[in-house]
Amino acid sequence: MEEEASRFDDHAFVPMVSLEMNVAVFKSQWQFCDEITEYLSDILGQGHSDPARYANFLSVAANELIELAFRATNGRGKISFSLARSATYNRLRIAFPCDEEFRRKHMEAGSGEIQPGLDDGSGRLVTKSDGALLSNLATIFGAAIHIEKDGADGIGIIADFPSAEDFQ
């Protein structure tokens with residue numbers, strides 16, 4: 001447990017790229033999710049013996065996390081995406097403003113269940129439990145995923161993916 005928790009230590013990571021945009025612009029077109037995913041995944045693939053394979057595989061996870069941010073953000077402020085690399089992990093961090101209820105659900109241990117349908121009148125369609133999504137991504141990709149408070153009204157999703165190319 002301590003080993004996994006230490007994976008979120010920022011000191012071992014070297015920044016690779018950072019992208020920040022206005023949430024309203026980001027939410028104006030769903031296709032931004034795919035475009036940002038492609039950009040970040042191509043960078044993640046650099047330095048691997050089979051960059052396209054590694055980038056394609058991780059693009060699935062990155063896209064799910066970016067789409068979660070798309071659904072969850074409250075439409076105000078900035079959203080940021082950053083990549084960093086350590087000797088054994090690649091880190092994707094997405095920070096965005098969200099409603100207090102969404103943040104509270106994801107910050108509380110054992111919580112995060114959002115039922116299918118429209119979430120509390122916001123008009124945001126949730127197709128599956130975000131908690132289950134994060135758990136599944138962590139299992140499938142061997143990733144450590146952590147959610148932390150980011151500023152007064154936001155959260156950061158941090159996902160550390162193994163840089164090894166032995167995906168099953």
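Modeller: This is a predicted model. The buried residues of helix α3 are Phe32, Cys33, Ile36, Thr37, Leu40, Ser41, Ile43, Leu44 and Gly45.

Biologist: Why is Cys33 called buried?

Modeller: Its relative accessibility is 0%, and buried means under 20%, so Cys33 counts as buried.

Biologist: What makes Cys98 buried or exposed?

Modeller: Cys98 has a relative accessible area of 2%. The limit for buried is under 20%, so Cys98 is buried.

Biologist: How do you know that the span of α3 agrees with its number of residues?

Modeller: Helix α3 covers residues 31-45, which is 15 residues. The expected span is 1.5 Å times one less than the number of residues, which gives 21 Å for α3. The end C-alpha atoms are 21 Å apart, so the two values agree.

Biologist: What follows α3, and what do its buried residues pack against?

Modeller: Gly47 follows α3 and has a positive phi, near 90°. The buried residues of α3 pack against β1, α2, α4, β2 and β3.

Biologist: What makes up the largest nonpolar core?

Modeller: It has 38 residues, and those with the most contacts inside it are Phe26, Leu65, Ile79, Ile94, Phe96 and Phe161. At least two residues each come from β1, α2, α3, α4, β2, β3, α6 and β7. Helix α4 gives the most, with 10 residues. In soluble globular proteins, nonpolar side chains tend to be buried together.

Biologist: Which residues is Ile94 in contact with?

Modeller: Setting aside neighbours within four places in sequence, Ile94 is in contact with Leu65, Ile66, Ala69, Ile79, Ser80, Phe81, Ile155, Gly156 and Ile157.

Biologist: How many aromatic pairs are there, and why is the pair of Trp30 and Phe70 called edge-to-face?

Modeller: There are five aromatic pairs. The ring centres of Trp30 and Phe70 are 4.7 Å apart, and pairing needs centres within 6.5 Å. Their planes stand at 85°, and over 60 degrees counts as edge-to-face, so the pair is edge-to-face. The pair links distant parts of the chain, 40 residues apart: Trp30 lies in the loop between α2 and α3, and Phe70 in helix α4.

Biologist: Why do Trp30 and Phe70 carry the burial labels they do?

Modeller: Trp30 has a relative accessible area of 41%, which falls between the 20% and 50% limits, so Trp30 is partly exposed. Phe70 is at 11%, against a limit of under 20%, so Phe70 counts as buried.

Biologist: What makes Phe141 and Phe161 an edge-to-face pair?

Modeller: Their ring centres are 6.3 Å apart, and the limit is 6.5 Å. The planes are at 85°, so this pair is edge-to-face. Phe141 is in helix α6 and Phe161 in strand β7, 20 residues apart. Both Phe141 and Phe161 are buried.

Biologist: Which residues do ring pairs link into a cluster, and what lies over the face of Phe70?

Modeller: The cluster consists of Phe26, Trp30, Phe70 and Phe81. Lys27 lies over the face of Phe70, at 5.1 Å from the ring centre; the limit is 6 Å.

Key: Residues numbered from 1 in each chain as written. Predicted model: local features only at pLDDT ≥ 70, side-chain atom pairs only at ≥ 80, totals over all residues. Heavy atoms only, no water. Buried < 20%, exposed > 50% of the residue type's maximum accessible area, 1.4 Å probe, protein only. Helix = DSSP H or I, 4+ residues; strand = E, 2+ residues; numbered from the N terminus. Contact = heavy atoms within 4.5 Å. Core = buried A, V, L, I, M, F, W, Y, C linked by side-chain atoms within 4.5 Å. Phe/Tyr/Trp six-rings, centres within 6.5 Å; stacked < 30°, edge-to-face > 60°. Lys NZ or Arg CZ within 6 Å of the ring centre and 35° of its normal.
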